[in-house]
Amino acid sequence: MATQPRIRKSIDSLTPGELADYEHAFARLKAISDADPTSIDGLQYFADLHNTMLGPCEHANDTFLPWHRAHLFLFEEALRRSDPPRTSNVTLPYWDWSALPSGVRFPKAFEDENSVLHHALRNDDPVCRPDSAPGCQALPFPRAYLEEQVLAKPDWSTADPELSSTSFGGHAGGQMDCQGQFGEGFGALEQPAHNAMHDGFIGGTMADPGTAAEDPMFFSFHCYIDLLWAQWQERFETGTDLDCRLCGLFKDREHLEENRFLVRDTLDTEKQFGYVYDYAPGEAPPPLPDVDGAPFRVHPALDVVPSARREPALVRTLAFSVPQPGLEEAVLRLGDVHVTLPFSYGADVYLTRAGEELHTTDREFRQRHLADVLYFWRSHHDHGHTTHDVTVDLGRVLTALAGAHAGEEWQVSVALTPTAGGHEHGPAEAAAGPSDAAHAIDFGDLTLRVR
C-alpha cells in the first residue's frame, strides 16, 4: 500500500490538539539547543543554517525557493522526531499572510504571550478590516495581488539580473559559493512581497537576514512561500540548473559531501518529501477605497513602506513625458544600487506631476502616488558594500496614466529610506545619520525605458 502524504495545514485550521503538539515539538527543539547549542537536532541549529555561515540561506537567486524548501523539510523532520510518539505526526503549519489574520496582526497562535511561538519586537499595528477604527494598516500583499503580480509569471528565471523581477524565481545565477547569501537578482515572489513582509510588516528579528529565523514565525511564514511555489508548479515548469547544490543542507546526519541537497531533490513535495498542502483561501481584506483624482490604482503595501515611517534619507527624481496609450513596455532602471553592511533600506517609487513635492509620511499622498516597493536587505558575512542593477516594471501605472494624462510632464521619484538594520522596536545595529545613510544607499543611473 502506498504511503499517504502528510498534510501541511494553515496554523489557523489546526485543531487544539494539533497546535499543542506543534508547540510541544517546537519547545522540545528549543530545550535541546538550551542543553547543547551545537546539537543538529536543536532549534538553534536550524536558525543558524539560515542566519549564519553554517548555511547560509540563499537569496536573490533562483535557488532561493529550493533552498528554503529543503531547509523547512529538515526542520519538520526534526520536529517529528523530537518526542515520539506524540510528535511523530507533526507537520509544519503555514501562515497565509495574504489573508486577514485571526489575531490583531498575525495568527492568534503567534500572538499568545504564553505560547513558545510568541516572540518580542514584532510590529503590532492592527490590520484593516471592514469597519476598522482609524490607524489600522492595509494588508500589504493580499491574495489577489499575488495571483496577478506573482503567480501569473510564467518564466522560472532569467539570465539577465536586471530583469529578474519579471520571472517567478529570480536570477538564473546557478550554484552559489556559500560565502554570502545574496545573488544578483530577486524574483517576483521574493521582491517585494517576501522582503517587505519580513521587514515592513513583521519587523523585529525577522527584519534582518542575520536574525530572521530566531522568530518562530519564520518557519510558518516561509511555509506559505513554499506553498505558493507549489501552486505555481501546477501551471509552470521550474527550469533551472538541477545539479546546483544547496549551501549547508544535507540528507544525512553525517553531512557527507555526496549527500548534499541539490535543486533536483526539491522539485516535488509529495514524491520527494512526502507532504502536500491543504489550502483554502482565507478571508480577503476589504478593498482599498478609490481616491478621487488618483492617477492609478493604489498599491496595497502603502502602509509598510519605509518612507511611510520616516522621511527618506535620499530622493532621486527623473522627469518624463507621459506616453500615449498602447505602450508595450515601461521599465525603470536603478543602476549600481548599493547593498550596505550596517542596515536594510527601502526604495519606494512614486509618480507625481512635474515639480510636485513628496509627502511620503502622508497616507493620502501614498494612496495617490505610490507606484511600487523595493526592499534591500543589508549584507552580512563576507559580502558587503556590493552593488546591483535593479529594474521596476511601471507598465501598470503608466498604462493608467496614459489613459488620462498622455503628453503631460510628470516625474518618477525613488525615495531611499533606511530601516536601521530592521530592528524598528529595539537598538539599531548601526545608527546612521541622514547624510551617512544617503551616501551608503546611493545608486548610479536612474533611467526610464518606455516603448
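**View 1. Strand β9 (residues 345–353) and strand β13 (residues 409–418) pair in the antiparallel sense over 9 bridges.** Two strands pair if DSSP finds at least two bridges between them. Look for V349 opposite V414 in β13. Strands (E, at least two residues) and helices (H or I, at least four) are DSSP runs, numbered from the N terminus. This is a predicted model, in which local features need pLDDT of at least 70 and side-chain atom pairs count only at pLDDT 80 or more, while totals for chains, interfaces and linings use all residues. Residues are numbered from 1 along each chain as its sequence is written, and side-chain values use heavy atoms, with hydrogens and water left out.

**View 2. Here β9 meets two other strands, β10 and β11.** With β10 (residues 370–372), β9 forms an antiparallel pairing over 2 bridges; V349 stands opposite D372 there. With β11 (residues 375–376), the pairing is also antiparallel, over 2 bridges, and G346 has Y375 as its bridge partner.

**View 3. β9 is largely enclosed by the rest of the structure, because 8 of its 9 residues are buried.** Buried means under 20% relative accessible area (1.4 Å probe, protein chains only).

**View 4. Helix α6 (residues 189–202) and helix α7 (residues 217–233) have axes that come within 12 Å and cross at roughly 160°.** That makes α6 roughly antiparallel to α7 (angles over 145 degrees). Axes are lines fitted to C-alpha atoms over the stretch in contact, and angles run from 0 to 180 degrees between N-to-C directions.

Notes
Parallel < 35°, antiparallel > 145°, perpendicular 65-115°, else oblique. Buried < 20%, exposed > 50% of the residue type's maximum accessible area, 1.4 Å probe, protein only.
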